Amino acid sequence: MAALMSLEDSVFISHSPQGCVGCAIMAVDMYRVGQAHRGIKNIKNPRLIVTNLDQKSVVFGGEKKLKEAVNKAVTRYNPKLCFVYASCASGIIGDDIDAICGELQKEYPDTLIIPIHCEGFKSKICASGFDATFIAINKYILKNEKVEKEEGLVNLFAPTTVSYADQKEMERMLSLLGAKANYIPFYSSLEKIKKIPAAVASTSICKVFADEFMNTLWEDYGIPYSHTVMPIGIRNTDKWYRGIAKVLGKEKEVEEIISREHERIEPLVKSIRNRLQGKRVFICGGTGRSFAAAALIDDFGMELVGLETPTYDADAQIDIEYLNGIHKDFVVDIANMQPFEQVNLVNRLKPDTFIGVPDWAAKLGVPTTHVLDGKRPTMGYDGLLFLGNKIADQLENPGFNKKLAKHVKLPYKDSWYNENPFKYITEGGK
Amino acid sequence: MAKLLDKQRYKCALGAMQSVQAIERALPVLHSGPGCAQKLSDTNGSSGYFSPNIFPCTSINEKDVVFGGVKKLHSTIDNALKVVDADLYVVLTGCIPEIVGDDTGEVVSEFADSDKPVIYAPTAGFKGNNYKGHEQVVDAIIDQYLKKSDEKEKGLVNIWADVPYQDLFWLGNIRELEKLVASLGLTPNTIFGYKRGIKNIDKITKAEFNLLVSPWVGLGSMKKMEKKFNIPFLHYKTLPIGATETSKFLREVGKFAGVDNEKIESVIKENEDYYYYLIERYADLFLENRVINKQFTVVADAQYALGITKFLVNDLGLIPAKQFVVDDTPSKYREDIKKEFENLNFNIKAEASFETDGYKIHEEIKNHDYHGYPLVLGGYYEKEVTESLKGNFINISWPVQDKVVLDSHYAGYSGGIRLIEDIYTVAVQRFN
């Protein structure tokens, strides 16, 4: 849902009970903020409809409700796109949303009706949902149709959490290589999605966003792609930049730009380094950002002591091996938050600062800050300066967290802090 | 139950995890899919002692859908008892276990002898919204935890109001209702918020009566307690906001509790005097037509739609356009609530529409002649439509984005003053 919510001229139908869109306000806020940043005057809400599966639907199926919802979506909003999301409930009761959407498509030829298989029990991580989204886009919009190539056009895939400031920085960097970004899917449109096959290359801002899709685009359309890292910090920004430059055949140009950028920012990074040198850091974040943050802190001479990240695969191992080369001794916790593991670790490691989801470390009195910021810059050469200063400011006044820790207590029993933090990990996830 | 929801105004029954969260040191233990708690948590003051990310969850996967999740549930409860320091563990079920038929009650009963109480409430999303889920949680406490008490505490009154977190002002409101009841010389007892918790839950059955301040939410639980524990209840339908309604409230509660009339009137006089001292200081602003138009619409649950309508009509002298009740009020309560909307001063009647379809609501707002710029008090969705009409918008009902509320309230005399402050803070920033 989050991946598509800002698409122009769309209606989103959640084929689910009423709670599955309980987070509507997040979507509404994100969409509105994004519009405001992009200078849109009459700011709109996303159009979100819930079929409201109830007890009757659980017994007799929800087909009727879905048909009614699509009917309402079309008569009310006449959208170009109508996305239908599966849910745990619709999946278990066996509603065939593909077939239902297929039938409805004949009835409403002017609206593209696209089912998306994102049943919650299928995966514990939202990245799987992004994959499902791109599978649907490929199957229902691109449909293997050949389109005319557009010179210099690069698909730039970005997850929802990327701010407009970061979008502009990525677009600026690509334009220095003579490329034009087709920014997908945030604040894009059916037209822009249809242009995906016209691109000469693809890249992504996040390691786990559109990674499979870019491979599909290579297989189906022969579009080469660069899959590297999230461009946060000098090393990752360079790596990301060189990755896409190589695909575009601009290896020489990119080196010139990189050395120019380094020259520009190095004195500024140095002043940040003076404030942060030697500080010990614990990081908790999404897959892309947590690894990126771990590389970023090296720019400032900081030392990694712990890294909590939700997923692990061969790709993550590449990052871990890189980090092994720059940070001497750190714990890796593969966990989707699991605050009880985290507070046990943070309490043991006693870092000087914590980067990432801050709620629990703050209650231990550790200064905390974010590298995820949907409203401000975090990426590219300028983004890292912003982040560095933010981290330093936070460290210099840890007052809020210290006071908080003095007055509140985390809800875990004292005995827990003496246990092995990984005690409850069972073999094979039993 | 409502049909499709375009711009939905509530969550599902599992949203009752927030009702549990509002009970100090009560921990929701979720038997649900991996995304449920994420989707059902807001950022409106929910990072307390237990934040939603701390709630233990079975995080059901495809395998559990096929083979059932009872084993996982058992170990999740078992380990939560070992690691998390809580007073009450409330197991809540999502859609999946109730569709595949996990016997959650059976698993929970295996913890009957644990050091801390473990109870459970069926809160599958497809069975109802979080207003219903809230009632399920209170019912679970009544049925599985409370014991009948022959001993009564004189003057002790249990106060119940609307749904924590769904109601942005829940904490401030319930504290204000406590203060009002205490001002009559009674002893209020509530279970939600700071320093209430299990110790107050234990006092519930000692109360002389239950006071329900809500158009309908929680009425079932009151009846249950009347039958099971012989506790009578007073159902006061209107959340009292401002002087007129709060004075009415004090008179009715006082009368029900047998409080001396003189005492009631002296409390009312003292409060009204101060209230009108404040109003008088700003009367020039309220009397100035230029600042605000006369017609308003509330888009909210029954509680605020009714409470705010009465306040704006009876205290501020505004005129109600159509009011929208968006909480999917069960049809058996609707006639009674409609009558309340028609019972306003100077024979004014407000038309109330029970509507969960946001599209229709917005169409009606757009098509109504407010004789100028409308005043709309509603959920965040109404910001768009109000802006398009150049009206004044105040975000008072879920979903909320425009407001940060720590312990502010709209209930009572002081609550009316807060609402006036909020409305006019918006109005004076405008150039129209």
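In chain B of this predicted model, the centres of domain 1 and domain 2 of chain B, taken over C-alpha atoms, are separated by 23 Å. The domain assignment of chain B, with bounds from an automatic or database domain assignment, gives domain 1 (13-144), domain 2 (156-239) and domain 3 (282-429). In this predicted model, local features need pLDDT of at least 70 and side-chain atom pairs count only at pLDDT 80 or more, whereas totals for chains, interfaces and linings use all residues. Residues are numbered from 1 along each chain as its sequence is written, and chains are lettered from A and ligands numbered from 1 in the order in which they are written.

Between these domains, 20 residues of domain 1 of chain B are in contact with 22 residues of domain 2 of chain B (contact: C-beta atoms, placed from the backbone, within 7 Å). On the side of domain 1 of chain B that touches domain 2 of chain B, the elements giving two or more residues are helix 1 (17-21) and helix 7 (130-144) of chain B, where helices (H or I, at least four residues) and strands (E, at least two) are DSSP runs numbered from the N terminus. Helix 7 of chain B provides the largest share of this side, eight residues. By class, the side comprises eight nonpolar, six polar and six charged residues, with Ala, Val, Leu, Ile, Met, Phe, Trp, Tyr, Cys and Pro counted as nonpolar, Asp, Glu, Lys and Arg as charged, and the others, Gly among them, as polar.

Also in chain B, the axes of helix 11 (residues 242-257) and helix 12 (residues 261-287) of chain B come within 10 Å and cross at roughly 165° (axes are lines fitted to C-alpha atoms, for helices over the stretch in contact, and angles run from 0 to 180 degrees between N-to-C directions). Helix 11 of chain B is therefore roughly antiparallel to helix 12 of chain B, a term used for angles over 145 degrees. The residues making the contact include Leu250(B) and Arg251(B) of helix 11 of chain B and Ile268(B) and Tyr275(B) of helix 12 of chain B.

An open sheet of five strands has the order 4(A)-3(A)-1(A)-2(A)-1(B), with mixed pairing (two strands pair if DSSP finds at least two bridges between them). Strand 4 (112-116) of chain A and strand 1 (5-6) of chain B each have a single partner strand, so one side of each is left without a neighbour in the sheet. Strand 1 (residues 10-14) and strand 3 (residues 81-85) of chain A pair in the parallel sense over five bridges.

How values were computed. Two residues are in contact if their C-beta atoms, placed from the backbone, lie within 7 Å. Angles under 35 degrees count as roughly parallel, over 145 as roughly antiparallel, 65 to 115 as roughly perpendicular and the rest as oblique.
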